[in-house]
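Below is a short briefing on one chain.

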Amino acid sequence: MSVLENLQSERRLPEPGAVLTLLKPITWFPPMWAYLCGLVSVGANPFDSLGLVLLGVVLAGPLVCGMSQAANDWCDREVDAINEPDRPIPSGRIPGRWGLWIALAMSALALVVGWQLGPWGFGATVVGVIAAWAYSAEPVRLKRSGIAGPGLVGLSYETLPWFTGAAVLSAGAPSPEIVTIALLYGVGAHGIMTLNDFKALEGDRQTGVESLPVVLGPERAARVAAWVMILPQIVVFTLLAGWGREWHAAAIAVLILGQIWAAQVMMRDPKGKAPWFNGTGVAMYVSGMMIAAFALRALGGAG
């Protein structure tokens, strides 16, 4: 037995740093950003309800998103042993069933915090928690599908927190315009999630996860992901222009062109350039979300 194996077999408690790695703070940004887009879109003054704003941001990011990452890592421990053996669970830095216990504890904590946001906030939290486990856990494990899995995550990361921020801050159902734009950006995020699947290509192939990179191959999957991102934004551009928000629509058009350029660069080496695209094309994508939120704010926010 190696020294590392000895250390893993003797460990009883998780390493604190490994717990933070398990929760993947870098993934918290999209739902937190979407929640902020929601409150901007209804014209809310965040300083009037600063407690709700901060509580919602913490709920969307560290709690619900962090919980979903812990649940995914626990359910993916065999895949990670192939793709990323240094991850906290397969490496033994989070030993035994601690990964599962952390995910369950955070699920409960998210529901408690969600309750503080009223019926809209609590209902959205319930949906988010269920979606996280449905994505990762057997027997549902929607992650096995390259269509349903990224689609669920995209809606959970973008549409749901946007809707929640708008509903909580306006204390009611958001307008149809807000729901439509939030839904379009959630649909487009399917492409972002597909690009994230490139890093798990080999493990997914060996464990039967039919991600689009596995099913279509890297080149075709990258092309599909790029168009899935771009087409909903073209609809957003069209809607905003039709609603009289021409300057906002023009700004989004510029960002769409930037993403098309970035996608062309990515296609030179889809697997190698996918992480680069996530730092360029995705940044333009989320910038467009906030521009759209300000356009909706100018339309009058909640209906």
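Leu50 is partly exposed, with a relative accessible area of 40% (buried means under 20%, exposed over 50%, partly exposed in between; 1.4 Å probe, protein chains only). The model is predicted: local features need pLDDT of at least 70, side-chain atom pairs count only at pLDDT 80 or more, and totals for chains, interfaces and linings use all residues. Residues are numbered from 1 along each chain as its sequence is written, and side-chain values use heavy atoms, with hydrogens and water left out.

**Around Leu50**
- Leu50 lies in helix H4, residues 50-75 (helices are DSSP runs of H or I with at least four residues, strands runs of E with at least two, numbered from the N terminus).
- Together with Phe47 and Leu54, Leu50 makes a nonpolar surface patch of about 340 Å² (patch residues have over 30% relative accessible area and no salt bridge, and nonpolar side chains are joined within 5 Å).

**Whole chain**
- The chain has 15 helices and 0 strands.
- Its C-alpha trace spans about 70 × 45 × 30 Å along the principal axes.
- Buried residues make up 50% of the 303 residues.

**Around Gln259**
- Gln259, in helix H14 (residues 246-266), counts as buried because its relative accessibility is 1%.
- The Gln259 side chain makes a polar contact of 2.8 Å with the side chain of Gln233 (a pair of N or O atoms within 3.5 Å, one able to donate a hydrogen and the other to accept it).
- Beyond neighbours within four places in sequence, the contacts of Gln259 include Met229, Phe277 and Tyr285 (heavy atoms within 4.5 Å).

Definitions and conventions:
Patches are made of residues with over 30% relative accessible area and no salt bridge: like charges are joined within 9 Å, nonpolar side chains (Val, Leu, Ile, Met, Phe, Trp, Tyr) within 5 Å. Accessible areas come from the Shrake-Rupley method with a 1.4 Å probe; for residues, only the protein chains shown count as cover. A salt bridge is a side-chain nitrogen of Lys or Arg within 4 Å of a carboxyl oxygen of Asp or Glu.
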